There are 2 protein chains.
Amino acid sequence: MGIQDLKTHLGEIHDINMASSILEWDQETKMPPAGANARAAQLATLAKFAHERFVSSTTEKHLVGLEKESFEYDSDEAALLRLTRREFDKSSKLPSEFVAEQSRAKALSLNVWREARATNDFKKFAPNLEQMYVLARRKADYLGFEEHPYDALLDEYEPGLTARVVETTFADLRDQTVPLVQAIAAKGPATDYSILTRDCDEQVQETFGLEVAQAFGYDLSRGRLDRAAHPFETAFSRDDVRITTRYDRHYFPMALFGTLHETGHALYELGTAPELARTRLAQGTSLGVHESQSRMWENLVGRSRAFWTHWYPRFVAHFPQFGDVSPEEIYKAVNRVQPSLIRVEADEITYNLHVMLRFELEKAMLEGSLNASDLPEAWNSKMQSYLGITPPDDARGVLQDIHWSMGLIGYFPTYTLGNILSVQLLEAAKTKIGDTDAMFANGEYAPLLGWLRENIHRHGKKYKPDELVQRATGSSITAKPYVAYLKKKFGEIYGLES
Amino acid sequence: MGIQDLKTHLGEIHDINMASSILEWDQETKMPPAGANARAAQLATLAKFAHERFVSSTTEKHLVGLEKESFEYDSDEAALLRLTRREFDKSSKLPSEFVAEQSRAKALSLNVWREARATNDFKKFAPNLEQMYVLARRKADYLGFEEHPYDALLDEYEPGLTARVVETTFADLRDQTVPLVQAIAAKGPATDYSILTRDCDEQVQETFGLEVAQAFGYDLSRGRLDRAAHPFETAFSRDDVRITTRYDRHYFPMALFGTLHETGHALYELGTAPELARTRLAQGTSLGVHESQSRMWENLVGRSRAFWTHWYPRFVAHFPQFGDVSPEEIYKAVNRVQPSLIRVEADEITYNLHVMLRFELEKAMLEGSLNASDLPEAWNSKMQSYLGITPPDDARGVLQDIHWSMGLIGYFPTYTLGNILSVQLLEAAKTKIGDTDAMFANGEYAPLLGWLRENIHRHGKKYKPDELVQRATGSSITAKPYVAYLKKKFGEIYGLES
């Protein structure tokens, strides 16, 4: 049994997992409503078959045999063995009864959360939430950890990252961010924000969004754009990478920046090396690094002044109703900073405060120092202290996110990690390719995409996040460039003292 | 191990098969072009896993155990056991090396056929075609047959039907049809056919088609309509039954009758009993019975005078360009009879001649009395004798259909069987529900749909086709009502002596 046999074995499991992704894409974009029950069964069966095959003695035999051979560290083969071993050991640590129990509890909890959010009834959801944390804690115990149970969960999404590192990074970021938000609030509006609510035809929004996405490098022979209530990107192979978005006639930034965000995710998957195809290596290495790509194209490119300089004529050609507005006014409007209740609608600066609050609460819940019943109060008090506002109800507070209801605990920090990394990577790219602002002002994205492909995309999951960042930037993950970016950009927009 | 364990086991296999159908639907309707390679691998893996599970000793054990119990013949359980045993024995007769060989040959042959058709080069395709027939013959030998190897193949699509029965039925139908076609040709045009080519916006065509489909009973909470180059219907459960169609701005009948055809197929799947869900019983019993449903809604309803009486105002509201044309003129135009080269574009009468020709040729090929290299000549000579025309090239002759290139041999007769059955079933329905023409003239379809659901749809695959038809109509499958229908309808349209 050689490496090719392992690849064939894993390739079949990969096929099943990709089939699941296709069924999920269909479910979110095309499936008629009544199709839901049968779809749940189909997805459960695919997941079961894929899991059975993966944790089988066949996988073990392949691994044991191949681990005796010596592959070069940087080879695809060595990376595949490392990743497969890591995931095999993890999967094997979780008793299958536990996996089934968690899966049932998740389905139940998700339903209760949906109802609780709709009726603004946190009490109804509290027992399920408590249960999700109990199960998360058990999972952490099964998986094992050195310092904190949170580390075991975080490792699922961001291999190698620990709660301690997150804490230090976030503390520093918070110290720099809160005063910035306060200074901006004191300054008042930077421009007339009412332009953002001008009526924009949805079809035209789609056309413009796709035009920009294609200019960034998104290739419609290898992807497509559909509508979804909760936008996402998904890949069924490096040659079939799809994005979704949603539209608001009276708030064009939603679809436009949503599309560019998902385009960023898609460019990552489209750029994985063909040699990694049909293996688990052919995908982004972690949620944080993935988010760095989406945030880069959404914010560092799409929300840059240079972007609006270049795209202004095309934007006005599509939306003549903005003929009386200057590119500078649009630039300032789409970069409005304002404390708000909902994470997914937050601006670049306050967004991270939403994430920090969730990180602190989920860590406390996992430790047992906070109970589900006390969560709304803790949430509201942190909202007041970080953002200066208190949610009028739990639906717009602690109940807003789907994550905890699905047991996605330890996931939130990756959003802020993505923001941080996006700037660190762009700064590293600049040292090689030069002044990106000048390029963006010309609508020139190939140099940046080329650098990302070479240093990030093509490697897929070959390296853990920190190792990848080290290789790409020469240093470990650091928030310094990100803080500097925020201060410079928003200080300038709001005319703050530097 | 009880029946519930068998159901769970088969349910999982069913889930995998449904996942394949979803991947195929996506492939034909949504997939970006570059996604094809990965999709082929995904489909192959799903097929392999489903097959492995089905022909496993687990299935055998379940069957042997349950066959000792006695279930009532009419129970779902007994039907499930009968069907599973039949399919298990069949699958077990085919060596897996043979299945793999056939699957590889098919993929190759399909590609060569595509090229050969595009370049009108039959010689290029002849060796692959010969090979498909050799494999089909071997398959028939593996499966076994009493009279003719063709029976073994036919049984895959139309359980219980034999070549001998097809021959007798077709001979009679041909004898009645050829003179009818000649009489019509002698009469000349029944109306001005040029109205069919009037420009009709595709979006409006879609809207009108869906309006009619919904009036027939197609439910968009359990289905959807998309575009596809080769239209089809597909079901992922009884609550997710999708149809596709294609559009020609300058020939509205294509999309309209195509949509109604696929709607007919869909109504069958939507009507299977909920108790059969997640089993192989939850689908049409055979291709012929399936086609009887599509042809009924397409032709017996959609191409009826009563249909156009009722829908004329809505049609003209959507297409004001037909304001100068009477419903009677549209009725006659969409029922134009004219010998033509392409089966899928043929009218109700000549369509069957296309099918008969194929049946005779494939039977001869399978017997070995005809070689692939002699096929074009045989094709052209039969076209001349049945339809009075000779194809100008093989692309519009022997190369036109995809079926043989994929090894679908023994499939064609089911199309004509569907035509025959559609009338037999409608006549039976009339004896219970009354004058359907009067209902259609009022846009009233619920009585017909109700009768079909009760007598055909709900049973799914519980009974073999002839048994089902016996139960529904009190007699075996017969072409008499169909011939009478053709003579009456077209005799009247063309003013022939009766």
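Predicted model: local features only at pLDDT ≥ 70, side-chain atom pairs only at ≥ 80, totals over all residues.
B:Ser109 belongs to helix H5 (residues 96-119) of chain B, where helices are DSSP runs of H or I with at least four residues, strands are runs of E with at least two, and both are numbered from the N terminus. B:Ser109 has a relative accessible area of 1% and is buried, a term that stands for under 20% relative accessible area with a 1.4 Å probe and protein chains only.

Leaving aside residues up to four places away in sequence, B:Ser109 touches B:Phe125, B:Asn128, B:Met132 and B:Ser405, with contact taken as heavy atoms within 4.5 Å.

## Relation of the two chains

## The interface

The contact draws 36 residues from chain A and 36 residues from chain B, and because 100% of the interface residues of chain A are also interface residues in chain B, the copies meet through the same surface. Between them the chains bury about 2900 Å², 61% of it on carbon and sulfur atoms, this area being the accessible area (1.4 Å probe) that two parts lose on being put together, summed over both. A:Pro32, A:Gln42 and A:Phe49 supply 18% of the area that chain A buries against chain B, more than any other three residues.

Eight salt bridges are counted between chain A and chain B, each a side-chain nitrogen of Lys or Arg within 4 Å of a carboxyl oxygen of Asp or Glu; A:Asp26 and B:Arg242 meet in a salt bridge at 2.8 Å, N to O. On the side of chain A that touches chain B, helix H1 (3-29), helix H2 (36-54), strand S2 (233-237) and strand S3 (240-245) of chain A each supply at least two residues, and H2(A) gives the most, with ten residues.

## Conventions

Residues are numbered from 1 along each chain as its sequence is written, and chains are lettered from A and ligands numbered from 1 in the order in which they are written. Local features need pLDDT of at least 70 and side-chain atom pairs count only at pLDDT 80 or more, whereas totals for chains, interfaces and linings use all residues, and side-chain values use heavy atoms, with hydrogens and water left out.

Technical notes:
Buried < 20%, exposed > 50% of the residue type's maximum accessible area, 1.4 Å probe, protein only.
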